[in-house]
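Subject: Structure for you to look at

Hello,

I am passing on the structure we spoke about. Please look through it with the notes that follow.

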Amino acid sequence: MDASVWNTDEHGRPCSCAVAGGLLENHFYLFDAEAILAASHAIEELALEEANGTLLATMQRFKQFEPHRERYWQLAATLADVRLIAHGKQPPRHGHLKFIATDHKALGPFWTVLYQGHRRQAMLVCRQANRANAFEEKRFEGCYTFDHEWIARVRQDLEQILAGRAARLREFERLIAIDQAAKKLAAEFTREHKAVDSALRKLRFPGDHYPSRHFKAVVQQSLNHLKQLTDRLPDMVGGPRSRLSG
């Protein structure tokens with residue numbers, strides 16, 4: 001599989017390859033199209049193995065459904081309820097597979113596979129992060145989770161949007177804001193640790209070329225930077241996050 005997944009920094013920009021180190025649950029990454037399909041298929045396979053519960057998916061446009069037709073026919077024959085949400089002309093209904101057409105802008109960028117079974121739950125929720133039109137060229141920011149409470153909240157957001165009672169996927173915005181705040185905090189800790197460590201190395205040299213008051217000033221500055229960051233954290237995780245561009 002020629003799939004790629006990237007770790008992202010506190011600004012949501014790709015910073016390193018994530019595949020080699022293994023992917024973490026509830027951790028946001030940047031996925032290419034192949035990786036999105038691979039993760040989607042993994043959740044669909046779990047649903048087929050469990051053979052109970054419900055599955056809800058969003059695929060942006062119905063024209064992207066054709067390669068997945070037989071798999072979703074199988075899912076609909078196995079599960080109690082399978083629904084697919086997308087924009088455009090609905091395919092002909094097949095058995096218990098239900099298509100929901102929507103032109104709601106809040107759902108347009110999202111690719112989601114959400115399974116709720118009697119014993120296990122799983123979800124992939126991603127938002128397109130570039131402006132590509134061809135699916136193969138698209139990049140998505142998102143994560144996977146087995147947390148049944150978070151899965152239920154995202155499903156509730158989706159249902160609210162379809163019912164016209166919500167204008168955005170608030171739970172996704174909340175979790176990605178927390179993820180980036182955590183990455184911001186980790187990056188700041190790393191930077192300040194390096195600054196203090198560098199000052200300590202200078203302090204070890206004999207003589208008075210690096211007075212202890214300089215070391216004290218560096219430590220105090222690092223503590224002030226971290227204090228300023230922690231004061232901003234509530235605002236960083238409290239508001240909606242704007243979409244990535246480019």
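The model is predicted.

Met 123

Met 123 sits in strand β8, which runs over residues 121-128. With a relative accessible area of 1%, Met 123 is buried, because the cut-off for that is under 20%. Apart from neighbours within four places in sequence, the residues in contact with Met 123 are Ile 43, Val 113, Leu 114, Cys 143, Tyr 144, Thr 145, Trp 150, Ile 151 and Val 154. The C-alpha atom of Met 123 is 8.4 Å from that of Asp 147, and these two residues are 24 apart along the chain.

Helix α1

One of those contacts, Ile 43, is also among the buried residues of α1. This helix covers residues 33-50, and at 1.5 Å a residue its 18 residues should span 26 Å; the end C-alpha atoms are 26 Å apart, so the two agree. The N-terminal end of α1 is capped by Asp 32, with a side-chain oxygen 3.3 Å from the backbone nitrogen of Glu 34. After the helix comes Ala 51, which has a positive phi, near 60°. The buried residues of α1 include Leu 37, Leu 46 and Leu 48, and also Glu 44 and Glu 50.

Asp 179

Asp 179 belongs to helix α4, residues 170-204. Asp 179 is buried, at a relative accessible area of 9%. Its side chain makes a polar contact of 2.9 Å with the side chain of Lys 183. Leaving aside neighbours within four places in sequence, Asp 179 is in contact with Asn 26, His 27 and Phe 28.

Aromatic pairs

How many aromatic pairs are there? The count is nine. One of them joins Phe 28 and Phe 172 edge-to-face, at 5.6 Å centre to centre and 70° between the planes. This pair links distant parts of the chain, 144 residues apart: Phe 28 is in the loop between β2 and β3, and Phe 172 is in helix α4. Phe 28 is buried at 3% relative accessible area, and Phe 172 is buried at 1%.

Phe 62 and Phe 99 also form an edge-to-face pair, with 5.8 Å between centres and 80° between the planes. Phe 62 lies in the loop between β4 and α2 and Phe 99 in strand β6, so the pair ties together parts 37 residues apart in sequence. Phe 62 is buried at 6% relative accessibility, as is Phe 99 at 10%.

Regards

Notes: Residues numbered from 1 in each chain as written. Heavy atoms only, no water. Helix = DSSP H or I, 4+ residues; strand = E, 2+ residues; numbered from the N terminus. Buried < 20%, exposed > 50% of the residue type's maximum accessible area, 1.4 Å probe, protein only. Contact = heavy atoms within 4.5 Å. Expected span 1.5 Å × (residues − 1). Polar contact = N/O pair within 3.5 Å; in protein donor to acceptor, adjacent residues only side chain to side chain. Phe/Tyr/Trp six-rings, centres within 6.5 Å; stacked < 30°, edge-to-face > 60°.
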